[in-house]
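Please keep your viewer open beside this text and follow the selections in the order in which they come. Each stop says what to select and what to look for there.

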Amino acid sequence: MKGNRIYEDLFPIIRRANGILFLLKIIFIFLILSFWKVQILDHEKYWQRSEANRIREIALPSHRGLILDRNGKILADNRGSFKVSLIRENCKDLDKSCRRVARLLKMDEAVLKERIKKYESLPLFKPIVVKENLSLEDVIRIEARKLEFPELILQTEPKRFYPFGNLAAHVVGYIQELSPQDIEKGLYEKKRLGDLVGRTGVEKEFEPVLAGRDGKLLEVVDSLGRAKGEVSKQEPGKGKDLTLTLDFDLQKKAEELLEGKEGAVIVLDPRTGEILALASYPTYDPNRFINRFTSEEWIGIVNSPVFPLENRAIRGLYSPGSIFKLTMALGALDLGLINDRTTFFCSGTIRIYGQTFSCMAKSGHGSMNLYSGIRNSCNIFFYQLGKMMDIERISYYAEMLGFGKKTGVDLIGEKEGLVPNPAWKEKVKNEPWQPGETISVSIGQGPLLVTPIQVAVQTALIANRGRSIIPHLVKSGSREKEGSGSQAFGSESEQVKIDPSNFEKVIRGMWEGVNNEGTGRAAKVDQFDVCGKTGSTQLMSQEKIDQIRGMGKEIKTHSWFTGFAPKDHPQVVVTVLVEYGGMGGATAAPIARQLFELYRENNGRQKSSGQY
Amino acid sequence: MVDRNLLGNIDWTLIFLLLLNSFVGVIFIYSCSHYSPGNFYLKQILWIILSLVVLFLFLLFDYKVLVTYSFYFYFVIICILGGVLIFGRFLRGAKSWIVFPFFHAQPSEIAKIILILLLAFVFSEFKTERLSWGKGALSAGVVALPFILVALQPDLGTALSYLPIFLASTILAGLNKKTVIFLLIISLILGLFAWNFVLRDYQKKRLTTLIFPGQDPLGSSYHVTQSKIAIGSGGLLGKGYKKGTQSQLRFLPARHTDFIFSVIGEEFGFLGVTLALFLYFIFLLRLFKSVGQSRDRAGVYIVFMVAMMIVFQFLVNVMMVIGFFPVTGIPLPFYSYGGSSLLTNYLGISLVLNVKMRRFVNV
């Protein structure tokens, strides 16, 4: 250090200073390495987080497609409504925020907190809907204090509305808010929390068609959640309207007729498989499900002993009872075991396989042939057929004619029913098949289970003289290929391998049953040649009997009627089931008659206007 | 009073490096605050000019004189600190500000310079190889008094920045290894004591945040998380000047003050950070190289203590922005917006220049 005049020996202290400098150099290298790690190695991670930080995605909900009846009557509509959501990311202090928001929205703080807790698992930047169906007053209050509440966003939302409430509720279905669990499962990929999705019925089956495409708005926001401008906006695509095959008048009538009962009605067009009415009772008002209704109400509906949510028409499993005699008759005719001249004598009881079986008519029907057997629903006649056919061949024909498998109706949750055979019993109950069971099955009792829609479809098949149909609710024109999970319908029908003349014979029996003082006489309609079959089924299990007794109900049989009209060129099939309705002829048949009458009336009017 | 000879001995390179770093700071203060009211960059420029004037004025006094009267300065500043504690009003959570009509001043900042002078005075005639207990205790006491007063404000960050000054003086005086270990044990005990009886909740939270930053992204670790996002998202080249989303969209808190370095990291990336660190390093190197260039022992102490004062703030700040150190509220010297800190550091540099330019003067 030449030229530096140092008067003292400062060398040791300078050495110490240099030691510190050396340390500093090492620290600098360490600093650079740290920045290397954060900026280069972890760059991707932080880059994404910074993007998420600044861009807020707001879903612009699409208008759900309307659901219309076959004549364009709106069954499911949309109405505008306001909702307000909370974005936790924008809260400086969640607790404090909850308190303020609860006061602003005039809602219970505990309820608000619970709701936020429910959606805790979601990313912080996702909005949580805290209140919907806002009153105008609410909207104004929120809007006015927007700057004080950066955590709230106010949005309009097209909201589902079912103008006729209960009407066709089981067909139309309802929509509900997505739960966090659903989102985690990834069931609805394009959906967000708080979105409403179809939960059942057509709303669910055709969700992709109806839902449309949600638009989204990407906006740049600052850390206070204030929008700084749009990045991009994708307008929502409106969902497609869905025209159902339902006929409003028939549907309404069917539900009126079922009121106060538990049961199902199906009206369909046997030519196409179009379902004109599908009613299940008791029912519910789907409008209730769209709101974030109180949980007690929901639990009340779910736990109701009469299961209003259950669509009995496609999910109710019942013994077919005497309805099954049609299957028996067709099978026996096809096998050549009988013809229309074969007779059996009914004395009221019969002993088969060492057991005594009885007919409904205690004193006996006397000599019965095919027509009078069907007309009077004589058990003895069909016991004989059952004994001749045996269970394997009975189940073969039952399946051929549509039992034990889904009909393919375009509704979620259809059940298959059960066609028993010895192999089934061996497998499920681990017991051998008892010959006596065959006799029970031959009059539609025993383990045999069918759904009302299966009965309706079978009736259509008989009406069509062997041509089967697939029932459907959505008109072919309005169905989208992309949207539908179910396969072909309607037009693709097949002919069962039974000679049409055998169908004519069974149909004659059905015609007599209605028009010639048979069991179905209550379904008779003047000049409309109704052909039908009644059924009354015993209840199945002791468990169920106890349950019904517990409810204080009288134990009655289920009441069936299924039929079509007119005889020669069938246009309409009506199937009615009333639980605990008593005799089929007494309860179900009159309901069917009124539906046939209404159909005829409306159809006649259409015809005359067409001619005009 | 100042002859031409002295003027010629001024370390213009150091002043150049000082201004260079200061203006880099202004550039980024502008970037991250031009959209908000306050004109911080303009105020910072004014502060730089003012500080520069003060720096030159301060050169007029021989550091030897300042050291001689340092005890009186010390007495005054202790009174002010005590007064602030009693009469001061709360500003940003601490009673560290004296409110003047046009600006607020932090006496705790100026106290650093006075501490440096007083410690230089204490050790000016100390020529033993090893630090004696007596001197050690004396210097510790000298630092402890303002430390406690400032910590009570409560402004632990500033109080902590007195420690490197103390440490610098004892290192030069010949602190032996045993003493270092002893001090470490003492500080551990003090730390435990402080954790349980002294530290406020927000300070504890800051410390826990340092250890578990991901736990509570909106709470106390929010600062660190946002800062790391800013730096990390900058990548190699950065997002471009005034294009850093973290800083422009206000996600980054205290961006023009404590987190100014994060803005550099975000807008100019790793390259910018390296360059800034390099600039800073050259500056610090110049300071360290000045340590020996003094006519007496007091001068050596002064230069070294100033260097340590700045190094400490720099390290704490830079380590804070990438999450290695708790958020203490210590600004980055010369870069961060803030008059008191700027003035203090300029005064420190002024002392260094003072010592250097008078190294040939015969007393």
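## A tour of two chains

Begin by colouring by chain and hiding everything except chain B, which contains 16 helices and 2 strands. This is a predicted model, and what follows should be read with that in mind. Of the 363 residues of chain B, 51% count as buried, and of its contacts with a separation of 6 or more, 73% are between residues 24 or more positions apart.

Now bring back chain A, in which there are 22 helices and 19 strands. Chain A has 612 residues, of which 44% count as buried, and among its contacts between residues at least 6 apart in sequence, 74% join residues at least 24 apart.

**Stop 1: where the chains meet.** Show both chains and select the residues that touch across the boundary: 37 residues of chain A are in contact with 38 residues of chain B. On the chain A side, the elements that give two or more residues are helix H1 (11-41) and helix H2 (43-54), and H1(A) supplies the largest share, 17 residues. If you colour this side of chain A by residue class, you will find 21 nonpolar, 7 polar and 9 charged residues.

**Stop 2: an open sheet.** Next, select the five strands of chain A that make up an open, antiparallel sheet in the order E12-E11-E19-E18-E17. E12 and strand E17 (531-537) of chain A stand at the edges with a single partner strand each, so one side of each has no neighbour in the sheet. From one strand to the next, the twist averages 5°.

Stop 3: Step back along chain A to helix H10 (residues 248-258), in which 9 of the 11 residues are buried, so that the helix is largely enclosed by the rest of the structure. The buried residues of H10(A) include Phe248(A), Leu250(A), Leu257(A) and Leu258(A), and also the charged residues Lys252(A), Lys253(A) and Glu255(A). After H10(A) comes Gly260(A), whose phi is positive, near 85°.

Stop 4: In the loop between H20 and E17 of chain A, pick out Ala523(A). This residue has 34 other C-beta atoms within 10 Å, and it is therefore buried, the cut-off being 20 or more. Leaving aside neighbours within four places in sequence, its contacts include Val514(A), Val530(A), Gly532(A), Phe561(A), Gly563(A) and Phe596(A). For a distance to check in the viewer, take the C-alpha atoms of Ala523(A) and Thr562(A), which are 39 residues apart along the chain and separated by 9.7 Å.

Stop 5: Select strand E14 (residues 349-352) and strand E15 (residues 355-358) of chain A, which run antiparallel and are joined by 4 bridges. Ile352(A) stands opposite Gln355(A) in E15(A), and in this hairpin, with 2 residues between the strands, Tyr353(A) takes a positive phi near 50°.

Stop 6: Finish with helix H16 (residues 379-400) of chain A. How far apart are the end C-alpha atoms of this helix of 22 residues? They are only 22 Å apart, short of the 32 Å that a straight helix would reach at 1.5 Å a residue. Centre the view on Asp390(A), where H16(A) bends by about 100°, and then move on to Gly402(A), which follows the helix and has a positive phi near 105°.

Technical notes:
Residues numbered from 1 in each chain as written. Chains lettered and ligands numbered in written order. Predicted model: local features only at pLDDT ≥ 70, side-chain atom pairs only at ≥ 80, totals over all residues. Expected span 1.5 Å × (residues − 1). Bend = angle between axes of the 7 residues up to and from the residue. Buried ≥ 20, exposed ≤ 12 C-beta atoms within 10 Å, placed from the backbone. Contact = placed C-beta atoms within 7 Å. Pairing = 2+ DSSP bridges. Axes fitted to C-alpha atoms, helices over the stretch in contact; angles between N-to-C directions.
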